[in-house]
Amino acid sequence: MKRAGTLRLLSDLSNFTGAARLRELLAGDPDVLVRCSPDGRHLLLLRSPGSPAPQLLVSMRGPGLTLERAWPEGHPSPLDAFFIPWLARPALILVWESGLVEVWGTGMEPGWKLLQSTELCPDGGARLLAVAATRGRLVWCEEQLGVEDQPRQLSMAFSHRVCVKTLETSGEAGTKLGRTHILLHHCPPFGLIASRKDLFLVPTTTTWPGVAHVLLIWNPSKGRVIVVAPSLGLSHSKSLNSRQGETWDFRTLLRGLPGFLSPREPLAVHTWAPSSHGLLLLDFKGKVSLVQCHGGTRTVGTLQEAPVGLKGSAALGTFHGTLACVLGSTLELLDMSSGQLLERKVLSTDKVHLLEPSAPGMKNEEDMEMQGALCLLSALGLFCVGWEAPQGLELPSDKDMVFEEACGYYQRRSLRGTQLTPEELRHNSMFRAPQALASILQGHLPPSALLTTLRAELRDYRSLEQLKAQLVAGDEEEAGWTELAEHEVARLLRTQLTGDHLVQFNTIFQALPTAAWSATLQALQLQPDRTGRLRSQAPPDVWKKILRGPTAGKEHPNGILPPFELLCQCLCQLEPQWLPPFVELAQQQGGPGWAAEGPSLPLYRRALAVLGEEGKRPEALELELLLGSGRPKAVLQAVRQLIEKEQWEKVLQAGLALDSSSPLLRSEIFKLLLAEFARHRSLDAHLPLLCCLCPPEVAPDELLLLLRTHLPDDVGTANPFPEPGAESPLTVGLVRALLEQTGAQGRPSGLAQSKYEDILWDPDTPPRGPIATLQASDHPGPESWVPSGQGLCATDMGGHL
């Protein structure tokens with residue numbers, strides 16, 4: 001059955017303050033900037049800089065006062081304005097091209113007042129081109145004036161940078177601007193478009209042609225920047241955490257990405273628009289494409305009419321899996337999954353603005369009719385476009401849901417072959433609990449803790465059923481699916497995660513991995529500490545369900561994974577760098593008897609199995625898992641692999657990281673490295689760390705014996721100076737540092753503990769002085785030469801062991 005679109009008038013603007021002025025600005029200037037507050041009660045209109053008589057108007061629905069400001073001709077006007085979504089009272093930010101920022105708000109007294117004024121660029125050496133507000137951050141693109149480190153044309157093309165300043169709540173002012181961080185250096189001029197999750201950096205008409213086909217996506221919560229070239233079908237993700245002060249040089253970033261600098265025409269985009277799915281773009285041929293949040297690009301559909309020139313007005317928006325495009329006086333609705341034209345309407349005006357949807361949780365009872373619909377604003381009024389609700393779609397009552405849950409419960413516990421129905425439970429008195437629960441819900445019993453718990457649980461069930469009904473009716477919004485996945489994962493983690501529950505757990509992770517992992521993150525209460533390790537405050541029962549392995553002889557078919565393997569697989573897809581810390585944390589949480597019946601693999605082996613067969617796994621992840629396992633065989637396996645790759649510093653750090661509970665393992669790593677130290681000179685630069693790794697119980701004679709065992713065989717005559725290109729031999733000077741580490745802290749007062757310890761306590765060489773010429777009669781015999789340290793020849797300094 002084909003859906004029918006409806007365009008309904010919500011308000012003729014008469015219930016907004018300053019209605020006459022509001023209609024005048026909407027009818028007179030098609031380029032006026034329009035923004036809606038998160039609660040949908042305030043409208044902001046701002047004329048662009050350079051337009052005649054620039055003005056700002058903030059109108060409120062219902063009783064209140066209007067904020068209206070005008071600037072005389074020649075005086076700078078605000079570049080952009082934003083509502084602050086998280087404050088209890090309305091507040092907005094005005095940003096000027098010069099970097100001036102004003103925070104306006106309402107307090108206990110009626111009317112708007114200036115709360116704060118500051119400068120984004122205190123030195124005055126920059127000019128703002130674009131600004132956006134997203135997730136408690138103010139982001140802007142500024143041109144750095146006076147950059148002359150390159151040829152002028154190229155310097156002007158890459159003389160911009162993107163900066164971020166945090167927005168924090170603060171007392172009466174409501175908000176304050178925090179510290180500034182530079183996100184991107186030496187970049188071209190970018191336009192900034194913010195969605196609820198991501199910030200899109202898009203090229204402008206003045207962007208250097210060689211990079212005008214590239215756009216960037218920054219996700220602050222994930223600390224990630226994605227570089228996208230839609231015309232080339234390329235995307236590349238880079239980790240970038242602004243909280244740790246990380247920044248990128250745009251030119252260096254692109255030079256490190258193969259294929260992105262291929263000659264291409266600039267993106268021919270008429271209109272950009274954010275959506276819950278990503279970034280919508282309309283080209284001059286009428287084709288609408290979607291740049292998704294992960295960097296992929298797909299074509300949504302093609303409009304029947306193409307925009308005419310740059311000045312033609314166009315607006316894009318999405319609702320319930322539908323794309324709405326207002327082009328002039330025409331409204332077209334397209335199915336986002338198939339691109340099929342669903343409906344085309346001719347409007348009575350060509351000056352229409354699409355309003356951003358209200359933030360989740362900001363709806364009130366007056367706005368329930370606007371929920372899930374797209375709002376259109378013009379001088380004629382405020383309209384909403386949506387789909388008529390399908391007939392016959394009724395949500396079950398609370399009592400029916402109680403019986404439904406009872407049916408599922410008894411069906412699992414009984415041996416009945418026929419399906420159990422709520423009517424059978426109701427009429428045959430097979431289950432008495434729903435009757436008691438129904439009487440509680442009807443208020444026959446006084447309020448109690450049971451009543452409170454029951455109402456909360458039924459409210460959760462009911463909201464879940466409402467969400468399912470909306471999705472079945474055609475609502476394909478990403479937020480809806482994400483919410484559903486989070487509800488289901490949280491519910492399944494309260495079960496035993498066996499049988500059908502485990503199958504459903506796998507299905508959710510396969511269909512919506514990001515949302516499923518987000519819900520698991522909350523259930524396990526995972527948080528990274530300052531050292532990069534993960535911590536968890538989840539109760540042991542939750543970890544016991546996660547870590548329980550498959551029961552012997554009862555493997556699940558069709559690729560169904562146990563919970564731990566499923567989470568490891570999800571991390572490999574989303575955030576591979578968090579897999580080793582997660583496995584280490586899981587090893588700390590495990591307890592006796594948590595594995596399945598029969599012998600079970602250690603957790604690091606289970607995680608390695610998820611990475612694939614041996615030889616095909618990512619080497620970096622495999623090494624991290626082996627080193628973090630705490631198992632001697634696994635650690636030695638990783639150490640041998642690192643030695644083969646000659647990654648000496650990582651081997652030494654792995655050995656030094658072992659605590660006092662692993663002396664044998666640490667000693668074994670030292671012996672492996674000592675053998676390499678005897679064979680070649682690659683470890684000479686790391687000798688201080690090798691000395692720190694030396695076990696305290698090793699005696700000097702034992703150390704020399706180990707070295708002698710691994711020394712290469714002498715070939716030819718002994719020569720202290722190696723041939724050109726040949727490797728230097730092991731010298732006494734290098735061994736001395738190791739011997740000092742194994743010796744006592746002071747000169748021994750008694751007999752030497754080892755026949756080699758006299759090397760450590762040889763007296764210092766005295767100052768050089770004139771040496772008398774020995775006469776032939778004064779030449780001492782061989783028996784009179786002693787190792788006093790005087791008169792050493794060159795061969796003594798480079799002696800070979």
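Start at Thr-247, which sits in the loop between strand 18 (234–239) and strand 19 (248–249). Bear in mind that this is a predicted model. Is Thr-247 buried, exposed or something in between? With a relative accessible area of 35%, it counts as partly exposed, because that class runs between the 20% limit for buried and the 50% limit for exposed.

Now look at what surrounds Thr-247. Leaving out residues up to four places away in sequence, it touches His-181, Ile-182, Leu-183, Leu-184, His-185 and Leu-240. Two of these contacts have a polar side to them: the side chain of Thr-247 reaches the backbone oxygen of Ile-182 at 2.8 Å, and a polar atom of that side chain lies 3.2 Å from the backbone oxygen of Leu-183. There's also Cys-163 to find: it is 84 residues from Thr-247 along the chain, yet the two C-alpha atoms are separated by 9.8 Å.

Let's jump back to helix 1 (residues 19–28). Which of its residues are buried? They are Ala-19, Leu-22, Leu-25 and Leu-26. Viewed down the axis of helix 1, these buried residues fall within an arc of 130°, so they line one face of the helix. The spacing makes sense, because an α-helix has 3.6 residues a turn, so residues three or four places apart point the same way. The cover over the buried residues of helix 1 includes strand 2 (33–36), strand 3 (42–46), strand 4 (55–60), strand 28 (353–354) and strand 29 (374–378).

Finally, the nonpolar cores. The largest has 74 residues, and Phe-582, Ile-669, Leu-673 and Phe-677 have the most contacts inside it. Take Phe-677: setting aside residues up to four places away in sequence, it touches Leu-683, Asp-684, Leu-687, Leu-690, Leu-707, Leu-730, Leu-734 and Leu-738. Apart from that core lies another, of 28 residues, with Val-214, Leu-216, Val-225 and Phe-250 among them.

Methods:
Residues numbered from 1 in each chain as written. Predicted model: local features only at pLDDT ≥ 70, side-chain atom pairs only at ≥ 80, totals over all residues. Heavy atoms only, no water. Buried < 20%, exposed > 50% of the residue type's maximum accessible area, 1.4 Å probe, protein only. Helix = DSSP H or I, 4+ residues; strand = E, 2+ residues; numbered from the N terminus. Arc of directions from axis to C-beta. Contact = heavy atoms within 4.5 Å. Core = buried A, V, L, I, M, F, W, Y, C linked by side-chain atoms within 4.5 Å. Polar contact = N/O pair within 3.5 Å; in protein donor to acceptor, adjacent residues only side chain to side chain.
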